[in-house]
Amino acid sequence: GDGAAPAVFSVGSAPTPTRMPLLQLLNYIDGRPVASRSTARTEVVDPATGEAYASAPDSGEADVDAAMTAALAAFNSFKRTTPSQRQGFLLKIASAIEAHADELARLECKNCGKPFLLTLDEEIAAAVDQIRFFAGAARQLEGRAAGEYMEGLLSMIVREPVGVCAAVTPWNYPLMMAVWKWAPALAAGNTVVLKPSDTTPVSTLRMAELMGAILPSGVFNVVCGRRETGRLLVEHAVPSLVSITGSVRAGREVAASAAPLLKRVHLELGGKAPVVVFADADLETAAADIAVAAYFNAGQDCTAATRVVVEAAAYETMVALLAREAEQNTKLGSATTMDSEGVLVGPLNSRAQLERVKGFFDRLPPHARVVAGGRPAGGRGFFFEPSVVAGLRQEDEMVQEEIFGPVITVQPFADEAAAVAMANGVQYGLASSVWTSDHARALRCCRAFDFGTVWVNTHIPLVAEMPHGGFKQSGGGKDLSAYGFEEYTRVKHVMSKL
């Protein structure tokens with residue numbers, strides 16, 4: 001960054017001997033930072049220290065209406081831009097984010113408690129790549145060839161933007177999930193009003209300011225607030241499409257709010273990824289890779305490799321290997337070490353999330369065995385020890401419900417049919433993996449697993465060219481890829497008499 005304080009931040013709240021001044025965050029509407037018309041505020045907390053450092057608007061109806069009005073006005077001209085013009089906007093934005101990568105990573109880390117080096121390499125760089133992918137996709141829309149499907153009548157397909165898109169993003173990857181929403185939407189010619197999570201608005205606001213220097217006013221707007229603000233966004237008359245990444249509960253609420261006006265909904269919701277390990281897999285390598293995929297982002301990932309299902313012959317070995325990974329090979333950060341090299345696990349998002357994860361352990365059934373971790377790390381911040389729990393049964397809460405913390409559960413299975421049944425035996429259908437040296441078995445599992453992504457002998461890598469999205473209670477619609485781009489378009493048939 002250039003060191004200048006971004007305009008969406010202003011210092012307020014006079015310091016006291018025990019409290020530093022809070023950064024006063026503003027909404028971003030119609031190409032500029034705008035003070036909320038609501039007097040309600042929410043405190044933004046650094047999860048690594050547990051201390052508030054910023055204050056964000058808890059926006060109301062007037063704020064949402066202003067953002068929607070700006071987005072609709074901008075859409076009337078932005079929808080007429082050519083694909084090459086939109087590609088140009090996105091490429092400039094990608095370069096601006098790349099140029100400010102260190103600054104954005106610092107903002108993301110302070111707001112989310114993420115390890116700095118991992119965030120810079122794995123999140124900011126990936127987001128830039130994803131924007132550049134959608135910049136290319138803007139010029140690659142395909143459809144059925146125009147032709148005379150009835151004599152004397154020429155038919156053609158036109159792909160159009162859907163209109164104003166309302167987006168609600170989660171707190172686990174605030175900047176990247178915002179990119180997953182606005183990049184395909186803008187590439188297709190839509191305009192966007194986005195509400196970040198009330199606990200993590202900071203990086204999104206700074207990104208909006210960088211984008212505002214490039215885009216026409218009103219094309220991208222950010223309104224901060226809690227759940228009620230999100231409801232106002234979804235129920236507003238203007239948006240034609242509503243896109244959310246969040247919990248199953250949040251997805252249901254969004255779908256219900258969107259129903260009266262029959263808005264299109266794009267839902268990327270929770271997950272409970274099975275990690276099916278056969279005895280013929282390379283167990284040492286599998287355990288090391290699974291631990292990284294489970295503990296990355298402190299396990300706060302819908303695709304995290306947290307539900308390990310192991311062939312009975314290898315079960316005790318895998319439990320021991322995973323426990324070793326958790327206790328010896330997984331570096332847990334602290335309030336003062338989040339910039340240190342090698343730190344993988346940061347704090348949980350909030351005190352509420354820390355209590356939620358702790359609650360799973362408080363309610364463990366007698367047959368469960370905690371073989372690593374199982375408790376908060378102590379000290380400042382919302383840190384929880386990397387944990388492994390064995391002895392669980394399919395119906396247990398830890399197996400069925402998304403924990404969203406650094407917790408691996410391990411269950412044994414008898415044969416391939418049982419493995420498939422256990423893998424599919426949850427309400428979610430987002431991501432999964434199978435670990436085996438038998439290629440035919442791997443392909444059978446890929447066919448049988450009821451999940452939107454199946455990895456073979458790996459878990460968690462994503463690429464911009466391939467779709468990400470789930471089945472069942474994990475929602476509907478795809479992010480990333482050409483499929484994700486098409487979600488933000490509508491199809492029109494034009495027929496002309498010759």
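Q: F404 first: buried or exposed?
A: F404 is buried, with a relative accessible area of 14%; buried means under 20%, exposed over 50% and partly exposed in between, using a 1.4 Å probe and protein chains only. Keep in mind that this is a predicted model, where local features need pLDDT of at least 70 and side-chain atom pairs count only at pLDDT 80 or more, while totals for chains, interfaces and linings use all residues. Residues are numbered from 1 along each chain as its sequence is written, and side-chain values use heavy atoms, with hydrogens and water left out.

Q: And what's the phi of F404?
A: Positive, about 60°, although F404 is not a glycine. F404 is in the loop between α12 (397–400) and β18; helices (H or I, at least four residues) and strands (E, at least two) are DSSP runs, numbered from the N terminus.

Q: What about D30, where is that one found?
A: D30 is in the loop between β3 (27–29) and β4 (32–34). D30 isn't a glycine and has a positive phi of about 55°. Its relative accessible area is 37%, so D30 counts as partly exposed.

Q: OK, strands. How many residues of β9 are buried?
A: 5 of the 5 residues in β9 (residues 164–168) are buried. Both faces are covered, with V164, A166 and V168 on one side and C165 and A167 on the other.

Q: Why two sets like that?
A: Side chains in a regular strand alternate between the two faces of the sheet.

Q: Which strands does β9 pair with?
A: Among them, β10 (residues 191–195), in the parallel sense over 5 bridges; two strands pair if DSSP finds at least two bridges between them. V168 has K195 as its bridge partner in β10. The chain gets from β9 to β10 through helix α5 (residues 174–187), and this β-α-β crossover is right-handed, meaning that with the strands pointing away from the viewer, the path from the first strand over the helix to the second runs clockwise. β9 also pairs with β12 (residues 241–245), again in the parallel sense, over 4 bridges. There, A166 stands opposite V242.

Q: What covers the buried residues of α4?
A: The cover includes α2 (83–99), α3 (101–112), α5 and α15 (481–486), with contact meaning heavy atoms within 4.5 Å. Buried residues of α4 include F116, L120, I131 and F134.

Q: How many aromatic pairs are there?
A: A search of the whole structure finds 6. Rings of Phe, Tyr and Trp (its six-membered ring) pair if their centres lie within 6.5 Å; planes under 30 degrees apart are stacked, over 60 edge-to-face and the rest tilted. F134 has 1% relative accessibility, so it counts as buried.

Q: Last one: which residue lies over the face of F116?
A: R106, at 3.6 Å from the ring centre. For a charge to sit over a ring, NZ of Lys or CZ of Arg must be within 6 Å of the ring centre and within 35 degrees of the ring normal. R363 likewise lies over the face of F360, at 5.4 Å from the ring centre.
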